[in-house]
Amino acid sequence: MPVWLREYSWRQTGSAVYLSLPLRGVRVTPANIFCTDQYLKVSIPPFLFEAILYAPIDETNSTAKIGNGIIFFTLYKKEEAMWDSLTIENDNKEKLQYLRENAVLKAHEKAKEETEAKKVTKQEHKKYALEATMKLEEAERKRIENLKEKERQKVTKELELWKKQQEDAEKQKRIQKGRELHQEVEQLKERKKEKMNKTRICNEGTSETRLKPTKGCHGSYSMFSENLKEEQLPAPRSAATIKINFTSRVFPTALRESRAAEEEEWLRKQAEARRTVSADLSELEDLKEEEKNPDWLKDKGNKMFAMGNYLAAVNAYNLAVQLNNKLPLLYLNRAACHLKLRNLHKAIEDSSKALELLTPPVPDNENARVKAYVRRGTAFCQLELYTEG
Amino acid sequence: MSSVPSGLERPQLVAHVQQPLSYTLFDCKWVPRSARLLCLGSAARGTGVIQLYELRGGRVELLREIEKAKPIKCGTFGATSLQQRYLATGDFDGNLNIWNLEAPEIPVYSVKGHKEIINSIDGVGGLGIGEGAPEIVTGSRDGTVKVWDPRQKDMPVANMEPVQGESKRDCWTVAFGNAYNQEERVVCAGYDNGDIKLFDLKTMSLRWETNIKNGVCSVEFDRKDVNMNKLVATSLEGKFHVFDMRTQHPTKGFASVSEKVQKSTIWQVRHLPQNRDVFMTSGGAGSLHLWKYEYPAQRSKEDSEGAEMGVAGSVSLLQNVTLSTQPISSLDWSPDKKGLCVCGAFDQTLRVLIVTKLNKV
């Protein structure tokens, strides 16, 4: 049971009520005070003070001053009027209860509204901030683009200039060449000497200025310089062959570091498969030497398959598998036979076994894997398990 | 020691022209001493295409289109004189042809050099660069590398082929180097199993070989016509190696530094003709990276037995740009204008780029 605080004093003006509530020996925080527009409560366990006010007040503007052992409330009235008393005289417990609940509800709603309003403002702030950053980034990007564009234009202009230079130089050279050619034709003896000089000069000339020679003017000129050059060039090399060896590689594909580990594994598996022979079957003694070789059996099976004798092929593969159950090709081929025989479940089994054995995936066994998938898929489709297929 | 400039001080790769083409472009080359470029490729109907473009204004204009029987994979102007400017091409059938572009109906030189596609071609001794006889080297899928002299018909002057019975590996790239006087020549070849082999043509022997663990897509010396200085080899899986070729150790070979760029293949490397320490690599993701090599303080040192061993320097990235979603398979710098380069990608587009600020690098 709470201890009711009944000692309080109040006075009023037309617009406000001043209420002082002494609290001895307890610490008051704002959380202990609860106020709606017609209900005031101070609850500091075990003390409790509540008042159902005579008339509504403006509780947003009303204040509570927490002093030393006393709370001083300044409550602004909603309507200017003099109150007969602070609280409504009401012994009706139910009414009290109802009023209390109402008050609480009202407070809740107010709180909700406040949070909503806060949220909305927060959103707006965020949006604003985002827009601002976007604008900044856009500006930055534009600046860089502009710089790049300027760079590009500058460079384009330079290129054009260079081209023009080239063309001008070319025209000049052409005129010069014409003149020189005439000179050559007239003086025969001096020609050789002049030519020698000219080749040197003109060669230097060509390396300095950018020149595209035209066929017409150059015909005779180039012929002469060519002859000279021929004398300076060494004879073609005497033919020889160099024999080379390559770093060995089993796979026909190019070497990649990332695939090297997988390829190693595959090769190891193949090597193992060749070696394992699961013997100790009494029936083996009946068979000839040939028939013990799984490869020979595989070939036999292939032949049968080609001839259309699928049952015999299956038998051959079965025996081969008994001898060596690590060769994926056996399962693969047996799967094909089963497909033909419409033993679809067996086909699926065999293709799956083959795929298991064909890990890790390397380009080498890609063909085999493709076949396995295709056969398994066909079997599933024929079983109408299309999703599996 | 130059430091890598930052931000907008770095060289910029400016896309100048983009030209869509109607065929698959395999190789593009500048015509020396001009603003013209050549595109080599394969048309949809399975014939070869040679197109000659000129850079005019902000566009390239088609000057000439030549169709050939077989698709053309690669071409070079390296072995022809400046006056003649004949184009040597290798096609899908293994034929090496040298064309006079003014009269392209009949080749000046033709030989069925290989049984399978010629993957890569290089020329040396022409264009006024280097000394010695003009020679062309071709590398093919049949595993052989052959050196041809245009004055000798039908027979190669050098043939690097696998030993009898050895299974062949694809030769993916070839390059000439060390052609600083009339006798010296070296051919470097890269294969799909990661082998790099260096053949000395003067002594007709295998001078060095190594394996870089990934198929070798492109090799290039920084200069063909000097004492061999650096060799860059690019490979699958986004790696490239720069070898310092000045010092060969008897067992360890050449020192190298390697970089991994990205996961995709590096299709081409090309050194800037005007600065041999700057090179560009083109990648399978449609990107271009511009690199600068810095030499170490000492290029060679002595190892424990007293033999000379090379010291590799370091490589720094100057700039990179992504131009396309498809691999950029061919790249060529213009030998006349510093920074002008052309690249061709598998999205059937030809792009002319200008690289700025190379003077400050």
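Visitor: Let's begin in chain B. How far apart are the end C-alpha atoms of residues 136-149?
Guide: They lie 6 Å apart, and that span of chain B is 64% strand and 0% helix. Helices (H or I, at least four residues) and strands (E, at least two) are DSSP runs, numbered from the N terminus. This is a predicted model: local features need pLDDT of at least 70, side-chain atom pairs count only at pLDDT 80 or more, and totals for chains, interfaces and linings use all residues. Residues are numbered from 1 along each chain as its sequence is written, chains are lettered from A and ligands numbered from 1 in the order written, and side-chain values use heavy atoms, leaving out hydrogens and water.

Visitor: Switching to chain A. How many helices and strands?
Guide: Chain A has nine helices and nine strands.

Visitor: And how much of chain A is buried?
Guide: Of its 389 residues, 32% are buried, meaning under 20% relative accessible area (1.4 Å probe, protein chains only).

Visitor: Which residues touch the most others in the largest nonpolar core?
Guide: Among them are A:Ala313, A:Tyr317 and A:Leu330, in a core of 23 residues. Such a core is a set of buried Ala, Val, Leu, Ile, Met, Phe, Trp, Tyr and Cys residues joined through side-chain atoms within 4.5 Å.

Visitor: Which helix gives the most to this core?
Guide: H6(A), with seven residues.

Visitor: What does the second core include?
Guide: That separate core has 22 residues, including A:Leu159 and B:Val17.

Conventions: Buried means under 20% relative accessible area, exposed over 50%, partly exposed in between (1.4 Å probe, protein chains only).
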